[in-house]
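Subject: Handing over the structure

Hi,

Here is the structure I promised to pass on.

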Amino acid sequence: MTIAIECSKRGRLQKLKIVKPLIEKLMPITAQEGPEDINEDAPPTVALGVLNVLSTNLPPQQVFPTVITHVVQYMQNADPLFRKGAMLSLANVIEGCVDYTRTGTSEIIAIICAGLGDSDARVRSASCVALATVSNELSEEVGEHHEELVPLIFNILNDSNMTIVKYALTALDVIIEGMGDSVVRYLRDLMLRMVVVLETGTDDLKPLALSVIGSVAHSSGQAFGPYFDEVIARIKHAMALTGDDDAMALRGVATDTAATVAEAAGKEAFSPHLEETMKLALQGMELESPNLRECGYCYFGVMSRVFGSDFTPFLSHIAPQLLQTLRIDESSAFGLEADEEPDMDDEDGQGQLGMSTAVADEKEVAIDAVGELFASTTSGFLPYVEDIAKELVALLDHYSDSVRKSAVGSLFTFIRTFGKIGNAEKWQAGVPLVAVDDNTMAMIRLVLPALLKMWEDEDDKMVVAQICTELRSAMSEVGPAVTIEYAEQISVRLLEIFEKKALCQTIDDDFDDEGGDELDEEDLTEYDSMLICAAADCVAEFADVFGEAFTPIMDTFLPHIAGYAKPTFAVSERAMAVGCLAEIAKNMGPAITKYAETLFPIFMAGLRDEHAEVASNGAFAVGALIEAATIDATPYFGEVLKALYPLVKRSDNTNNARDNAAGCVARLILENADAVPLADVLPAWIEALPIRNDHMEDLPVYDAICHLLKNKRAEIEQFLPSLMPVLKQAMESTDTLFSDESRQYLGSFGASVGGDGSGLRRSAWPRSGRDPTGLVQQSTGRLAD
């Protein structure tokens, strides 16, 4: 414990330059003989725990390269304990190195596959743990490797050692979640194997198999239909179990799986089973099992999402349970009197490592369910809002960071839901604001003061990141009313984050009073990076809701955000800075002109960046600035087009780089087509179309095409043979977005070139005022994901 605490004091370790030597001392310990249960305390387990603390408290570039070098070496060692240690080390450092390792997922999977096929069962078990952990953090990236992974996991499921089968089932459950509809090709084999486990497996394997079935249902969607009847019968049987701990564990997983299957099957298919499963879930809540209560709350939340307002009749049974959980007195868990609170700042330092109890876990899940229930049933939940909202506000001061995060999320969900119920018209940007209804304003005035008080004293980075994320979402949906009375206070908190002066960023900095050199401010942990990115998204949303009135705030934040675009910062920070400033440029409109001279070099540097994530944001940023600013940018068109060319010609669309580059070209054409060398630009541009993923770029692209067809018909005529298939494909896709004018013009154009118009006909044209994909509301969806 002492080692872990000291490792969490990152300043001291970095200052003494002992991170790499420490890892080199820890790695051999991970290869020592340990207990069969990898979670049992022993020297290897402690060493692995220290590696995890290092990865989550230090910049990933200071940890992962040293660890992965040893992992590769250990995997070639003849001693299986070294190979086991390699896999478990990888599992323990991935949490703090997710973005850093994302582009190297293929190499990591190759290492794990070698472990999964190892001749030693201990190595195979550890490899399953590594796969589950990596998949949990890099779900989609790992899911793309299903062809290599699934056969290896299936082979391990045939093992006679039930411990390794348990780990394999856990890994399978996690990777299925990232496979999407690719799981369909394995559907029959998966279901046969899981049914066998449910019928003949040991008691500790059955819950895992049922959980896998839930993941399969979620990923396979309608393809799961043929298995629905048999699965729901097994689920209802398991939801009625009573008895020992194994029975209760299976009942809990069955309750979770019932909700997952309901969401996959849909409202109509699951309706005949709703009453019975609800009855069983409510009965489970009475069995004095915290786990069953958690599973019950998860079930209620998902079911409300599936059934919407039709779920309202059940709320009278659920709301009292929720209030009971939210009001549980936890002082007894710490041996305290009722009016005492646990000391989270004890001298031993244990508080900073986080702590939780079964009651806190139950509260966290209940709070999440509360938000889901109100969002799904809307007016049906109104009788319970006032009492529950007061409890949520009180829980902003809870000792558990997970409970605080959930309370923040649900309180903002209450604001968004009231906004949805009471405000029929879309909010308008700027000040003075369009008034919102009384209930929405009352909820804002209940939540924001309490939240701002909490924010000032919050010491957990991920809780503060959650505040920024939820605040941004609420502003996006409800408008400037959310922050108009609190803009100054919020700006202070956000500025602290960019200056790295927020309490949660300074609480571990024990080195400041010891003298010596300061740390490199550009070395950020991934949690630091996530926090700053969340703050940047929040600032960009301020620009959206306040429009031109954002100028005073922009003056404050511009130098701080721009600083993160320096090449010495990591890729994620550079991408964040360029993307945030791009969003601000788009949202401020002509008012951004004042800052164009400062922003253009930053955006061009981003566009030329060697990393697709930064370059993609740079492409969008340059186009957004040229579109918004009221200056003549044509002298720079040649420079911009030269930088765009490599992105337009990319064979892939990583980080939406090609989409954003195509959108930037379109904005140049719309700005001044005469300044664009069409004969040189159009072949590559048309080849990059249609837009694949970032469909907000459809709007400038098809507006630009219409502009050329109307005003540059002679120049574009020779490219019509290659352009027409692009238009046809775009119009046949329901994802494509068009402005009203472009929709009407292209419809007429299709009729004129195709006689009856059959070549460009589509059944449903999205209008600019509609948002069939939900993209219009995703203001930072413009950034490369």
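Below is what turned up in it, sorted by topic.

Before you start, this is a predicted model, so local features need pLDDT of at least 70 and side-chain atom pairs count only at pLDDT 80 or more, while totals for chains, interfaces and linings use all residues. Residues are numbered from 1 along each chain as its sequence is written, and side-chain values use heavy atoms, with hydrogens and water left out.

**A helix to begin with**

Helices here are DSSP runs of H or I with at least four residues, numbered from the N terminus. Take helix H22, which covers residues 401-422. The expected span of a helix is 1.5 Å times one less than its number of residues. In H22, 16 of the 22 residues are buried, so the helix is largely enclosed by the rest of the structure. By "buried" I mean under 20% relative accessible area; "exposed" is over 50%, and "partly exposed" is in between (1.4 Å probe, protein chains only).

Phe-300 belongs to helix H18 (residues 290-307), and with 0% relative accessibility it counts as buried. What does Phe-300 touch, leaving aside residues up to four places away in sequence? Its contacts (heavy atoms within 4.5 Å) are Met-278, Ala-281, Leu-282, Met-285, Phe-311, Ile-318 and Leu-373. Phe-314 is 14 residues from Phe-300 along the chain, and their C-alpha atoms are separated by 9.1 Å.

Asn-587 sits in helix H29 (residues 571-588) and is also buried, at 12% relative accessible area.

**Aromatic rings**

Rings of Phe, Tyr and Trp (its six-membered ring) pair if their centres lie within 6.5 Å; planes under 30 degrees apart count as stacked, over 60 as edge-to-face and the rest as tilted. By this rule there are 18 aromatic pairs. One of them is Phe-224 with Tyr-227, a tilted pair at 6.1 Å centre to centre and 40° between the planes. Phe-224 is buried at 3%, whereas Tyr-227 is partly exposed at 22%.

Tyr-702 and Phe-738 have ring centres 5.1 Å apart and planes at 40°, so this pair is tilted too. Tyr-702 lies in helix H35 (residues 698-711) and Phe-738 in the loop between helices H37 (720-732) and H38 (740-754), so the pair ties together parts that are 36 residues apart in sequence. Both residues are buried.

There is also an aromatic cluster made up of Phe-374, Phe-381, Tyr-384, Phe-414 and Phe-418.

A charge sits over a ring if NZ of Lys or CZ of Arg is within 6 Å of the ring centre and within 35 degrees of the ring normal. Arg-193 does this over the face of Phe-154, 4.3 Å from the ring centre, and Lys-710 over the ring of Tyr-745, 5.0 Å from its centre.

**Salt bridges**

A salt bridge is a side-chain nitrogen of Lys or Arg within 4 Å of a carboxyl oxygen of Asp or Glu. By this rule the count is 38. One of them joins Glu-199 to Arg-234, with the closest N and O atoms 2.8 Å apart. This pair links distant parts of the chain, helix H13 (residues 187-200) for Glu-199 and helix H15 (residues 228-239) for Arg-234, 35 residues apart. Glu-199 is exposed at 52%; Arg-234 is partly exposed at 26%.

Another is Asp-310 with Lys-267, at 2.4 Å between the closest N and O atoms. Asp-310 is in the loop between H18 and helix H19 (315-326), and Lys-267 is in helix H17 (residues 267-284), 43 residues apart.

Finally, Glu-33, Asp-120 and Arg-122 are linked in a salt-bridge network.

Best wishes

Technical notes:
Helix = DSSP H or I, 4+ residues; strand = E, 2+ residues; numbered from the N terminus.
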